[in-house]
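Welcome to the tour. Please open the structure in your viewer and keep the selection panel at hand.

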Amino acid sequence: MKKILWALVLIGLLSCVNNTKKEEDLDFTEVEITYAEGFSIHRYEDFTKVIVHSPWQEAEKELVYILKNKEIKLPNSLVYDAMIDLPIEKLVTTSTTHIPSLIALNKLKKLVGFPNLDYISSEAAREYIAEGKIKELGKNEAINTEIVLELDPDVIFSFALEGQNKALNKLQESGIPIVYNGDWLEESALGKAEWVKFFGIFLGELDQSIKAFEDVEQSYQSLKDLAKTSSKKPSVIAGAMHQDRWYLPYGTSWQAQFFEDAHADYIYNHTQGKGSAAFAFETVLQDAKQAEFWISPGQYISYEQLRESNTHYQEFDAFQQKNIFTMARTTGETGGVLFYELGPNRPDLILKDLVKIFHPDLLTNEAFTFFKPLAFE
């Protein structure tokens, strides 16, 4: 009996010692993140720390998430924004860009709720919706908290423009961890895609997420190398008018990087900045009238729509030669644009489309994934 008591005392003492250890004294290994700048993963013996460096634009601090098995006791010195007990059995997400990661990791079945289901395009997710396995949560900026509380998810993956969402704050106060994902702030296409590792560590599929990303990276690099073999580097313009300004990607943007990697000459590759540049119509007409291709002309899906919105669009050579391509024609059954959902996870498929557009002789047997020619009617 005394031996049992002493054993219990010893276990208690060891537990206390573990709880009083300082985090800086603990050893960890860092998961390799090659392109993404927005997050880091530190793996300790008893827990994992995920750090989101830029959860939203101009965020003043990082967010720290601790992942652990339920029975693990953690050091009292740990400072974090949310703790998630593993394994995650049920989750809610609020961005369509998160869904391809769930599919790639074979974890879509864990998704139980999403705001505005019509935005979802993937066939696999639409099947789950039709079967009633993914519940409608209303609008992203005003999630139906009552339904979420009924679903009782283990975690909610979301994004924030400014870090304020009253509904999410209320849910967090109720005990549901909110995890903010900053993939949309990445400045490179492969950086966005590497966030699959973020979901991999949360969902217990880190190795599979690493493999999924490596496949995308290899495919992207192969397509980039293939494009360089072309002797032609066609000129290209992008964007369209919104109100009284033409919005198009800066030359330093991730969108413009696609044009460079597809071996095309982007008319505004000399511009620098984040987000979109805005020019007067006359400026763009003067600079890009002779551009051979025109990519992503806003929401327009036909030449007739372009003509009706502004008759001067017809003055561009790309309009006259019918070399305008849009991703707005590729939608799910309820109208969601597939590009916005799958594109960030699969930049190799975007690049494939662009290489096929600019250098059709290099990819004669490939079908388009996102882009289609603008319709004639």
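A crossing counts as left-handed if the near helix is turned anticlockwise from the far one by less than a right angle, and as right-handed if clockwise. This is a predicted model, in which local features need pLDDT of at least 70, side-chain atom pairs count only at pLDDT 80 or more, and totals for chains, interfaces and linings use all residues. Residues are numbered from 1 along each chain as its sequence is written, and side-chain values use heavy atoms, with hydrogens and water left out.

**Stop 1: helices 8 and 14.** Select residues 206–228 for helix 8 and 347–358 for helix 14; their axes are 8 Å apart and meet at an angle of about 20°. That angle makes helix 8 roughly parallel to helix 14 (under 35 degrees; over 145 is roughly antiparallel, 65 to 115 roughly perpendicular, and the rest oblique). The crossing of helix 8 and helix 14 is left-handed. Now show the side chains in contact (heavy atoms within 4.5 Å): Val216, Ser219, Tyr220, Leu223, Lys224 and Ala227 from helix 8, facing Pro347, Asp348, Leu351, Lys352 and Val355 from helix 14.

**Stop 2: helix 9.** Tyr220, Lys224 and Ala227 of helix 8 touch Gln257, Phe258 and Asp261 of helix 9.

**Stop 3: the largest core.** Which residues touch the most other members of the largest nonpolar core? Select Tyr65, Phe202 and Tyr313, out of 107 residues in that core. A nonpolar core is a set of buried Ala, Val, Leu, Ile, Met, Phe, Trp, Tyr and Cys residues joined through side-chain atoms within 4.5 Å. Helix 14, from the first stop, gives the most to this core, with seven residues. Centre on Tyr65: leaving aside neighbours within four places in sequence, its contacts include Val50, Ile84, Tyr180 and Phe202. Apart from this core lies another, of eight residues, among them Leu26, Val64, Ile66 and Leu78.

**Stop 4: Ile201.** Finish in helix 7, residues 196–202, where you will find Ile201. Ile201 is buried, with a relative accessible area of 8% (buried is under 20%, exposed over 50%, partly exposed in between, with a 1.4 Å probe and protein chains only). Beyond neighbours within four places in sequence, Ile201 is in contact with Ile41, Arg43, Thr48, Val50, Leu67 and Leu206.

Conventions
Axes fitted to C-alpha atoms, helices over the stretch in contact; angles between N-to-C directions. Helix = DSSP H or I, 4+ residues; strand = E, 2+ residues; numbered from the N terminus.
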